[in-house]
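Here are my notes for you to read with the viewer open. Take them one at a time and find each residue as you go.

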Amino acid sequence: MNYVRNCIAAMKGYVPGFQPAPGENFIKLNSNENPFPPSRKVQEILQNLAYEDLRLYPDPASLELREKLGSLYGFSANQIICGNGSDDILNIIVRTFAQPGVAIGFYEPTFPLYKILGIIHGGQVIPISVVEPYERPPDPPANARVFFLANPNSPVGFGYPTSLVTELAKKVKGVFVVDEAYAEFSRENALELIRKFKNVIVVRTLSKSYSLAGMRLGYAVGNEELIQEMFKVKDPFNVTRLTQALAVAALDDQEYFRKNIQQIIETRDWISKEAVALGYRIIPSQANFIFPQPPQKGRGVKFYEALFNRKVLTRYYDAEGLRDGVRMTIGTREEMTATLRVLKEILPL
């Protein structure tokens, strides 16, 4: 217990991106939020909300929502669990499958919450570094009880092909978690691996792809036995009545969802090409963000500050392998056109 307390005392907690106050005139590209509003079907639910029902607890199993997700992706509702954002799902996974002292692995750079959760729950945290060109990662540690793979990667944006993810899944003896927070913006995903491997869990969110970051809904799909174990651990009423209703409404509007995803992908590819033409280095992204780097290495902080001073808000990470650039969310075409002008203006850094 003292060891865990000492680790927690020494660790850095998760620091969300800077959230400007209402009225501050930023182009906000630092939190990977969708630039488009939610579906009008979500608005209709809000307008017709039976507010008196809010005195009642929500369905603890989120059954209607799980059935909707199952129908959409071809899985049984018993293979799906919902949570208060994907952060909640990741926490449930660690609490379920990683007792104190067991190995929890992941590739770095990556989403910092994996490491934080591992430390909080007393795990033996095993980070494995990957570097450019990010084509072939080392094998996962053989003793990992839980191994996290962010695919597409955050904060860089590159994605591993399903064939490689399949190879990695074969090498993980414990639970292999594919965190697909940005899968809807990618060419491939790992859902079919669930049908082939009993140890694979795919985690997703409605925050980015369905414009519902303020609502907080994440979910996991996996082998029924693994999911039922997670149900034993989750908080009883972890998804609100309102969240469940709004999520179902958003999932019902697939036409609007696909339209927005396509616009973001097209804008991502356009600004990537334009920024590279200016001299920036960008690893091809499969997410709703890019990771531009100025021509000269080691200028990430100056790059962030130059953008900030011109009211373009991005995300800088003071971590190994990330200090050369910033993570930049894809906004509307108008926002990214204005950002491109700033990118041109601040060169050379």
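1. First, a reminder: what you have on screen is a predicted model. Keep that in mind for each of the points.

2. Start with a pair of helices. Two packed helices are described by the angle between their axes and the distance between the axes. For helix H10 (residues 254–278) and helix H12 (residues 333–345), the angle is about 10 degrees and the axes are 11 Å apart. That angle makes H10 roughly parallel to H12, because angles under 35 degrees count that way. On the H10 side, the residues that meet H12 are Thr267, Trp270, Ile271, Glu274, Ala275 and Leu278. Their partners in H12 are Arg333, Met336, Thr337, Leu340, Leu343 and Lys344. Sorted by class, this contact has seven nonpolar, two polar and three charged residues.

3. Now try another pair, helix H4 (residues 85–97) and helix H8 (residues 224–233). How far apart are their axes, and at what angle do H4 and H8 pack? The axes are 9 Å apart and the angle is about 95 degrees, so H4 and H8 are roughly perpendicular to each other. H4 brings Ile89, Ile92, Ile93, Arg95, Thr96 and Phe97 to the contact, while H8 brings Leu226, Glu229, Met230 and Val233. Here the classes come out as seven nonpolar, one polar and two charged.

4. On to the rings. Counting rings whose centres lie within 6.5 Å, the model has 14 aromatic pairs. One of them is Phe147 with Phe176: the ring centres are 6.3 Å apart and the planes are at 20 degrees, so this pair is stacked. Phe147 sits in strand S5 (residues 144–150) and Phe176 in strand S6 (residues 175–179), so the pair ties together parts that are 29 residues apart in sequence. Phe147 and Phe176 are both buried. Elsewhere, ring pairs join Phe106, Phe111, Tyr114 and Phe148 into a cluster.

5. Have a look at two arginines as well. Arg204 lies over the face of Tyr73, 5.3 Å from the ring centre. Arg327 does this with Phe289, at 5.8 Å from the ring centre.

6. Is Gln79 buried or exposed? Its relative accessible area is 17%, so Gln79 counts as buried, given that the cut-off is under 20%. You'll find Gln79 in the loop between helix H3 (63–73) and strand S2 (80–83). Beyond residues up to four places away in sequence, Gln79 touches Ile194, Ala220, Val221, Gly222, Glu224 and Ile227.

7. Look for Ser62 between helix H2 (40–47) and H3. Setting aside neighbours within four places in sequence, Ser62 is in contact with Cys82, Val239 and Gln244.

8. Last, check helix H5 (residues 113–120). Six of its eight residues are buried, so H5 is largely enclosed by the rest of the structure. Those buried residues are Leu113, Tyr114, Ile116, Leu117, Gly118 and Ile119. Tyr114 also turns up in the ring cluster with Phe106, Phe111 and Phe148. After H5 comes Gly122, whose phi is positive, near 75 degrees.

Technical notes: Residues are numbered from 1 along each chain as its sequence is written. This is a predicted model: local features need pLDDT of at least 70, side-chain atom pairs count only at pLDDT 80 or more; totals for chains, interfaces and linings use all residues. Side-chain values use heavy atoms; hydrogens and water are left out. Axes are lines fitted to C-alpha atoms, for helices over the stretch in contact, and angles run from 0 to 180 degrees between N-to-C directions. Helices (H or I, at least four residues) and strands (E, at least two) are DSSP runs, numbered from the N terminus. Angles under 35 degrees count as roughly parallel, over 145 as roughly antiparallel, 65 to 115 as roughly perpendicular and the rest as oblique. Contact means heavy atoms within 4.5 Å. Ala, Val, Leu, Ile, Met, Phe, Trp, Tyr, Cys and Pro count as nonpolar, Asp, Glu, Lys and Arg as charged, and the others, Gly among them, as polar. Rings of Phe, Tyr and Trp (its six-membered ring) pair if their centres lie within 6.5 Å; planes under 30 degrees apart count as stacked, over 60 as edge-to-face and the rest as tilted. Buried means under 20% relative accessible area, exposed over 50%, partly exposed in between (1.4 Å probe, protein chains only). A charge sits over a ring if NZ of Lys or CZ of Arg is within 6 Å of the ring centre and within 35 degrees of the ring normal.
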